[in-house]
Amino acid sequence: MVDTRGYSCPTPVIMVQQELKKTAPSTLDVLADNRAAVENVTRFARNQGYAVSVTPDGADFRLKLSKP
């Protein structure tokens, strides 16, 4: 789980990038609290070969990254 709430871009993308490099997970959950972070993390993850699903979670968003 990467919690990017409270950070503005590009920090959320950098946080996700570091986690992917460190652990190379087949799935990763990401919490975000703003639309820009959702869009940028989604774009980055798709470029890395991950499928992305976004679910509203109260005022936040939960992204699920998964390798097909």
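In the predicted model, helix α1 buries P12, V13, V16 and L20. These residues lie on the same side of α1, because they cover an arc of only 100° around the axis. The other side of α1 carries exposed residues, namely Q18, K21 and K22. Several elements pack over the buried residues of α1. Among them are β1 (2-3), β2, α2 and β4.

Helix α1 contains 13 residues. From the first C-alpha of α1 to the last, the distance is 18 Å, close to the 18 Å expected at 1.5 Å a residue. Just after α1 comes A24, with a positive phi of about 45°.

Helix α2 spans residues 35-47. This helix also has 13 residues and reaches 18 Å between its end C-alpha atoms, again close to the 18 Å expected at 1.5 Å a residue. At the start of α2, N34 makes a side-chain contact with the backbone. A side-chain oxygen of N34 comes to within 3.3 Å of the backbone nitrogen of A36. Beyond the other end, α2 is followed by G49. The phi of G49 is positive, near 95°.

The buried residues of α2 are A37, V38, V41, T42, F44 and A45. Their cover includes helix α1 (11-23). It also includes the strands β2 (27-32), β3 (51-57) and β4 (60-66).

Key:
Residues are numbered from 1 along each chain as its sequence is written. This is a predicted model: local features need pLDDT of at least 70, side-chain atom pairs count only at pLDDT 80 or more; totals for chains, interfaces and linings use all residues. Side-chain values use heavy atoms; hydrogens and water are left out. Helices (H or I, at least four residues) and strands (E, at least two) are DSSP runs, numbered from the N terminus. The expected span of a helix is 1.5 Å times one less than its number of residues. Buried means under 20% relative accessible area, exposed over 50%, partly exposed in between (1.4 Å probe, protein chains only). Contact means heavy atoms within 4.5 Å. A polar contact is a pair of N or O atoms within 3.5 Å; within protein, one must be able to donate a hydrogen and the other to accept it, and residues adjacent in sequence count only if both atoms are side-chain atoms. The arc is that of the directions from the helix axis to the C-beta atoms.
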